[in-house]
Amino acid sequence: MAESEHSSSVETSVNSQEESSTTSKEEPELAFSQDEETLVIRMYNLVGERWSLIAGRIPGRTAEQIEKYWNSRYATSR
């Protein structure tokens, strides 16, 4: 009986951690450091919209993250 009580409290704890990480996951994704931002700008000026090449220079970032960041910060209306 004590084992089932422990199991349900662990599941509740894990579920609440998953929910909080899901909601806060999107925001830090676009939080680039000053160095990352500078590198993205410099690489964009060199290679254009080749996001995978730019992502290859920034550890831990995907091409999708960089493109989303660029479009949210620097995209102009056409």
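Guide: Start at Ser-33. Its backbone nitrogen lies 2.9 Å from a polar atom of the side chain of Glu-36. That pair is a polar contact: N or O atoms within 3.5 Å, where, within protein, one must be able to donate a hydrogen and the other to accept it, and residues adjacent in sequence count only if both atoms are side-chain atoms.

Visitor: Before we go on, what sort of model is this?

Guide: This is a predicted model, where local features need pLDDT of at least 70, side-chain atom pairs count only at pLDDT 80 or more, and totals for chains, interfaces and linings use all residues. Residues are numbered from 1 along each chain as its sequence is written, and side-chain values use heavy atoms, with hydrogens and water left out.

Visitor: OK. Where is Glu-36?

Guide: Glu-36 sits in helix H2, which covers residues 34-47. Helices here are DSSP runs of H or I with at least four residues, strands are runs of E with at least two, and both are numbered from the N terminus.

Visitor: Is Glu-36 buried or exposed?

Guide: Buried. Its relative accessibility is 17%. Buried means under 20% relative accessible area, exposed means over 50%, and partly exposed is in between, with a 1.4 Å probe and protein chains only.

Visitor: What is Glu-36 in contact with?

Guide: Leaving aside neighbours within four places in sequence, Glu-36 is in contact with Ala-31, Ile-58 and Arg-61. Contact means heavy atoms within 4.5 Å.

Visitor: Tell me about Ala-31. Where is it found?

Guide: Ala-31 is in the loop between H1 and H2. Its relative accessible area is 49%, so it counts as partly exposed. Not counting residues up to four places away in sequence, Ala-31 touches Glu-36 and Arg-61. Ala-31 and Tyr-69 are 38 residues apart in sequence, yet their C-alpha atoms are 8.4 Å apart in space.

Visitor: And Leu-30? What does that one touch?

Guide: Leu-30 touches Gln-65, Lys-68, Tyr-69 and Ser-72, again not counting residues up to four places away in sequence. Leu-30 also lies in the loop between H1 and H2. It is partly exposed, at 24% relative accessible area.

Visitor: Back to H2. Which of its residues are buried?

Guide: Glu-36, Glu-37, Val-40 and Met-43 are the buried residues of H2. They cover an arc of only 135 degrees around the axis, so they lie on the same side of H2. The arc is that of the directions from the helix axis to the C-beta atoms.

Visitor: What covers them?

Guide: The cover for the buried residues of H2 includes H3 and helix H4 (63-73). Take Glu-37, which has 12% relative accessibility and so counts as buried. Leaving aside neighbours within four places in sequence, Glu-37 is in contact with Tyr-69, Arg-73 and Tyr-74.

Visitor: Which exposed residues are on the face turned away?

Guide: That face of H2 carries Gln-34, Asp-35, Arg-42, Asn-45 and Leu-46.

Visitor: What comes after H2?

Guide: Gly-48 follows H2, and its phi is positive, near 75 degrees. Glu-49 is in the loop between H2 and H3. At 48% relative accessibility, Glu-49 counts as partly exposed.

Visitor: Now the whole chain. How many helices and strands?

Guide: The chain has 4 helices and 0 strands. Of its 78 residues, 19% count as buried.

Visitor: Where is confidence lowest, and where is it highest?

Guide: Confidence is lowest in helix H1 (residues 2-29), with a mean of 47, and highest in helix H3 (residues 51-55), at 97. Those are pLDDT values, the predictor's confidence in each residue, from 0 to 100. Over residues 7-26 the pLDDT is below 50, and beyond near neighbours in sequence this stretch has 0 contacts in the model.

Visitor: What does the chain average?

Guide: The average pLDDT is 75, and 60% of the residues score at least 70.
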